[in-house]
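Hi,

Here is the structure I promised to pass on to you. Have a look at it first, then read my notes below.

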Amino acid sequence: MSAYPLLEYLRREELPHTMCPGCGGGTVLNTFARAIDDMGVPRDDLVLVSGIGCSAWIPSPNFEADTLHTTHGRAIAYATGVAVGNPDLETVVISGDGDLAGIGGNHLLHAARRNVDLTVILVNNFTYGMTGGQVAPTTPHDSITTTSPFGNPEDAIDISGVAAEAGAAFVARQTTSRPQTLVNDIARAMQTDGFALVEVVSQCPTVYGRRNEMATAPEMLEWMEAQIDAGELTVGTIAETDRPEFIESLEAVSERARSEQMPAEDAAPDHDGRDLLLRIAGEGGQGVVTAGSILGEAAARNGRNVFKTEEYGSRARGGLASADLILSDGEIFEAAVPSGDADLLVALTPSALQAHQSVLKSGGDLVVDETTLETAPSEATAVPFERLAEEAGDARALNMVVLGYLTAAFDLADVGTVRGTIDRHVERLLSTNRRAFDLGVEAAESA
Amino acid sequence: MTESAPLTPTDVLQPGNQFLTGDEAIAYGAIYAGCRFFAGYPITPASEVAETMAEALPAVGGRYVQMEDELGSIAAVIGAAWAGRMAMTATSGPGFSLMQENLGYATMTETPMVLVDVQRSGPSTGQATLPAQGDVQQARWGTHGDHPAIVLSPATVQEAFDMTVRAFDLAEQYRTPVVLLADGVIGHASESLTVPESVSVTRREVATPAEETYFGDPSVAPMPQFGEGLRAHVTGSTHESDGMRDVKTRSVHDSLVRAIHEKIDRDRAELIEFETVGDEDVDELVVSYGITGRTAAGAVRQLRDRGRSIGHLRLLTLWPFPDQVIESRTADVSRVYVPELNLGQVAREVERAAPAPVESLDRIGGEPWTVADLVAAIEGDQ
């Protein structure tokens, strides 16, 4: 008996394999090994990934290479991680139609769209073989299976067409009745720089064929050939496109990311300040949240403990927005500013005042814009935030006036550190915003 | 295309005083720890972990991939781990549910990875934008079959950073997935923290052809890495120590599954971290964790200031559950309080371990405990 020439590709200790007599899986294993051998792919660069089902058992445990035998449907997603994790590897998925086109169809769709450099050998035997021959998304209309005993009421998916439409760089369909051509198609898929799918139309006489008047492998192979002859089954290259491969695109992203890093900033001075619970409330678009973020960041850079949460309505403008800050030189226990506990409330509009007044503790400081004063309680401090912003050059810089006022009036952070933080975070109208901040500081100091 | 040299973690986040959200701190903690692969799918309140990774990871030589769903996210993370990367994904309750099957795969194949669950209020879509601590038991028992779990839960943004680093350290040390159980408050709140100059994380021990055992070693076998010539066989099916499948022999399954438990159980003492306030002779004890841990610390301080003999045990490691710590700390107390943002998921565990009566201070609805509410709840129980 002559030795099988590709035996060195098999895990011999795992033989005999578990495929049924007449299964097309042997042809897939054989043609894949032949393609690898012909191409001279270094074995230790190969990673074979499979899912669950009879076809997932073609590479695992039979083919001797790094093998990742995964969960049902997820092989392509696992393989995406392998290929992106180490692009020097030749990552190949070999799995079945139920696994890759049914439960895992979404991953196939998006790996093709992403054009990640994978070769996927989808073995389509029209059924869920391992579980005994249930109807699959690839089962032809009217076929008999264990879960379509009166004929399949559904149409089969054209998975090669779907992959092509999703953007796969290379798609071919081939039958196990044409092993030589299949070797070439597998080789072309592996040479493709991008997502390549080979749909192998394969036979399962044991649980599919025998229920559909094709109880032997030769009958099934003849059925395939007859379909090709009748023009009902297209084989060969289905699609070939030249699109940017995903990992190359990721490398371009890395280059851009490196060139856009922020310069390092100088260390800020330590600064102890007043401990308080604060809420700044206004309308969406007034920059309340930005003011809170800058104040919090500056105080944090001064070595203070700061905890900040924010709320904003779903409307970009017009809904209420607020920022809560807890500033302390000791430990902060709360996970939010509790209602009735705030030491300070800044309310920039009458509706913000109405909505947030209850957060203020009795005897707490209430600061309002002068335009809001008439609806505010008599003990409120009115500051001309809006007028000062206009004086700085733009009413939209109101939040910077608020920031300057709070920083100076309540000693919440080092003024210079807040200025530096504004410079880092404010992109538009920087000089106006700086001026607005300074006017806020002056307003506090002259009060 | 030749890439320029990667930047270092300190180039994307300077050491020193910083002000970050918990989600950002988790992402940067991962980058400091050596994570160089992230795959994720948007979900409130965890999306900012992905956003921060997308911004910072490419600069340091990492790869960010936005997958088509959470099933694919964790799958890609496991694949990248076998290709040699330290890898992470982040999600919230609904996505965590979808990840459970592959989380079990990572446990069974002994794959190091970090899974972040920024908990929100469930079940189902629940209060999608509001925080909760409802996934404590899902983190322990979410995947099917007998399995161990390492789960850490931060109370502050500083801990979100530090525990992400520790999660990677433990994942690499024990070759196992580690879950970081944050919540919507910590994820979205910004807080001051100190970023260290560098962090120390166990380096993955990569297997060589000289090794005979790749799996199922209670002392943790070196991990095969794809592309290194080992022709490794990795499967979620029951396997021998060389990775080859044997799904019929009772003893093979028994020794594999017991080994993946034992490698973690034998180091319980080192794995379990907690903080205590008060002597061992206090009359009462509060047991807390995660976001509720910080409020509980404030409540215990107030109650102690008022002269009440009450201590605090704050759990940093949730799983393995610190049964012995609970048992010894509660042996002489008259009552144990367990405040949490669920209907008593940890209270039940404490009850199991504590000889003293346990009062579950459960709260759901999306509002975290405040110090005053907690003080009132404990005082009202007198």
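In this predicted model, 23 residues of domain 1 of chain B are in contact with 19 residues of domain 2 of chain B. If you want to find the two parts on screen, the domain assignment puts domain 1 of chain B at 9-195 and domain 2 at 273-379. Their C-alpha centres lie 26 Å apart. On the domain 1 side of this contact, β6 (127-131), α6 (136-141), β7 (150-152), β8 (177-183) and α8 (184-188) of chain B each give two or more residues. The largest share, 4 residues, comes from α6(B). And what sort of residues are on that side? They divide into 14 nonpolar, 7 polar and 2 charged.

Next, the two chains. Here 59 residues of chain A are in contact with 62 residues of chain B. The elements of chain A that each supply at least two residues to its side are β2 (66-69), α2 (75-85), α4 (105-114), α8 (246-259), α9 and β11. That side splits into 23 nonpolar, 19 polar and 17 charged residues.

The chains also share strand pairing. β2(A) pairs with β10(B), residues 233-235, in the parallel sense over 3 bridges, and H69(A) stands opposite T235(B) there.

At the chain B end, β1(B) and β9(B) (190-195) pair in the antiparallel sense over 6 bridges, with T21(B) opposite S190(B).

Now for the inside. Nonpolar side chains tend to be buried together in soluble globular proteins. The largest nonpolar core here has 254 residues, and V82(A), I121(A), L295(A), V401(A), V77(B), V114(B) and V116(B) touch the most other members. Helix α7(B) (157-174) gives the largest share of this core, 10 residues. Take V114(B): leaving aside neighbours within four places in sequence, its contacts include A30(B), M88(B), F168(B) and L180(B). There is also a second, separate core of 9 residues, with F126(A), Y128(A), C204(A) and Y208(A) among them.

Is helix α4(A) mostly covered or mostly uncovered? Mostly covered, with 8 of its 10 residues buried. These include G105(A), L108(A), H110(A) and R114(A). The cover includes α2, α3 (97-103), α5 (159-166) and α8 of chain A, as well as α4 (70-82) of chain B. Just after α4(A), N115(A) takes a positive phi of about 60°.

From C-alpha to C-alpha, D438(A) and L46(A) are 64 Å apart in space, and they are 392 residues apart in sequence.

Note on methods
Residues numbered from 1 in each chain as written. Chains lettered and ligands numbered in written order. Predicted model: local features only at pLDDT ≥ 70, side-chain atom pairs only at ≥ 80, totals over all residues. Pairing = 2+ DSSP bridges. Contact = placed C-beta atoms within 7 Å. Nonpolar A, V, L, I, M, F, W, Y, C, P; charged D, E, K, R; others polar. Core = buried A, V, L, I, M, F, W, Y, C linked by C-beta atoms within 7 Å. Buried ≥ 20, exposed ≤ 12 C-beta atoms within 10 Å, placed from the backbone. Domains from an automatic or database assignment.
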